[in-house]
Amino acid sequence: MEQTPKANRVHIGFFGRCNAGKSTLINMLTGQPIALVSDVVGTTTDPVSKAMEILPLGPVVITDTAGVDDTSQLGPLRIGKTKDLLPRMNLAVYVLKTEAAPTKEDITWLSLLQQQKIATLLVLNEVGSVTGDAYMAANASVLERFALPYIGANLLNNAKQSAILNQLGAMRPKDQEEEHSLLAGLVEPQDVIVLVCPIDSAAPKGRLILPQVQMIREILDAHGMSLVVQTDEVASSLDKLGVTPKLVITDSQAFEAVAAQVPAHIPLTSFSILMARFKGDLKTLAAGVKAVKNLKSGAKVLISEGCTHHRQCDDIGSVKIPRWLKQAGYENLDLQWTSGGAFPDDVRSFDLIIHCGACMLTRREVLRRLEVSQEQGVPIVNYGVLIASLHGILDRALSPFAAEL
């Protein structure tokens, strides 16, 4: 609770062949022995991530990966895990030793990073007398086509530490969270925002969930005022308030009960819808709800959660949404689920994708999932948008964003 959530940090992946110097570089940049360094090939097996603050980048997650040329028995599995990381990476650092020309694995991975549109810095680990500039000149025919910024450095000292960090800072991607705001255009100084936070069996003990905490902080940053209430307290709280709130934000699961208590002239939306706007593309997710009415018996639906929490007895993704769909007349659906970082590359067999608010995913990861869905012609909708639609209040829930839709 005291640190920037991982989903809101810049994610930087370090890639390269075995013993290229990835772990050494990470330790040099951070000034900490984060990654295990050894001459033994394949020392880094599974990806190792560390959340920390690095100036001038700010809050980041640094991930060390296994060598892209790992030929051990478990090599393919390790390389597969490294590939699974790509959708969440904002920046990449690819390390090459200047003692050897780029291999086919290097070219394959540099091409993959480029295809994934991940801003990449090439760090040339200067070995012996071969400088980074000399290496680039000697291998121009292979590397020029990638047009990557590069820095040559002796990774055994920190002489180039500032240069590498400054270069990474200058490469800040546009798909990171801090370029956006959850309540952009919705709150001004002295505005009163009512937050409806149900405390039920699914609520984490002793704390609020991340979107609720983030919302309170943004209201404070904007010099607004937040009133936090539970579902059954909405009507009485509005009566006692004495002023008309600028906006009421509720947990999507309580949409129906809250909408019945909030007068029609007061704007109402949900944490999930605001998160969809913040993390992804609300216009796309709002359009996806139109596909719900076309669902037939046996239709295949993917319900995707960004977090990996233990499912409660009344879990929203595995229990409540299926129940609401059934109550709305959509029966005998073929429901499938994914959670955490898992999301299929091929979704063409699905008739609809229902995605959570994605508070635990990076914006890049969400945008990639939307891109996959759109490229393959599969409609995708957000939890909050779907729930509002199933309860007949979609227009009201989206009205605060009418100009954007």
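Biologist: Which rules apply to the numbering and the values here?

Modeller: Residues are numbered from 1 along each chain as its sequence is written, and side-chain values use heavy atoms, with hydrogens and water left out. Because the model is predicted, local features need pLDDT of at least 70 and side-chain atom pairs count only at pLDDT 80 or more, while totals for chains, interfaces and linings use all residues.

Biologist: How many helices and strands does the protein chain have?

Modeller: Helices (H or I, at least four residues) and strands (E, at least two) are DSSP runs, numbered from the N terminus. On that basis, the secondary structure of the chain comes to 15 helices and 14 strands.

Biologist: What share of the 405 residues counts as buried?

Modeller: Buried means under 20% relative accessible area, exposed means over 50%, and partly exposed lies in between, using a 1.4 Å probe and protein chains only. Of the 405 residues, the buried share is 51%.

Biologist: Is Gly16 buried or exposed?

Modeller: Gly16 is found in strand β1 (residues 10-16). Contact means heavy atoms within 4.5 Å, and beyond its neighbours within four places in sequence, Gly16 is in contact with Lys22, Ala66, Gly67, Val68, Tyr94 and Val95. The relative accessible area of Gly16 is 0%, so Gly16 is buried.

Biologist: Which residue of β5 is the bridge partner of Tyr94?

Modeller: Two strands pair if DSSP finds at least two bridges between them. Strand β4 (residues 91-97) and β5 pair in the parallel sense over 7 bridges, and strand β5 (residues 119-125) has 6 of its 7 residues buried. In β5, the partner of Tyr94 is Leu122.

Biologist: Which residues touch the most other members of the largest nonpolar core?

Modeller: A nonpolar core is a set of buried Ala, Val, Leu, Ile, Met, Phe, Trp, Tyr and Cys residues joined through side-chain atoms within 4.5 Å. In soluble globular proteins, nonpolar side chains tend to be buried together. The largest core here has 76 residues, and those touching the most other members are Ile249, Ile321 and Ile354.

Biologist: How are α7 and α10 placed relative to each other, in terms of angle?

Modeller: Axes are lines fitted to C-alpha atoms, for helices over the stretch in contact, and angles run from 0 to 180 degrees between N-to-C directions. Angles under 35 degrees count as roughly parallel, over 145 as roughly antiparallel, 65 to 115 as roughly perpendicular and the rest as oblique. The axes of α7 (residues 210-221) and α10 (residues 271-279) come within 10 Å and cross at roughly 75°. The two helices are therefore roughly perpendicular.
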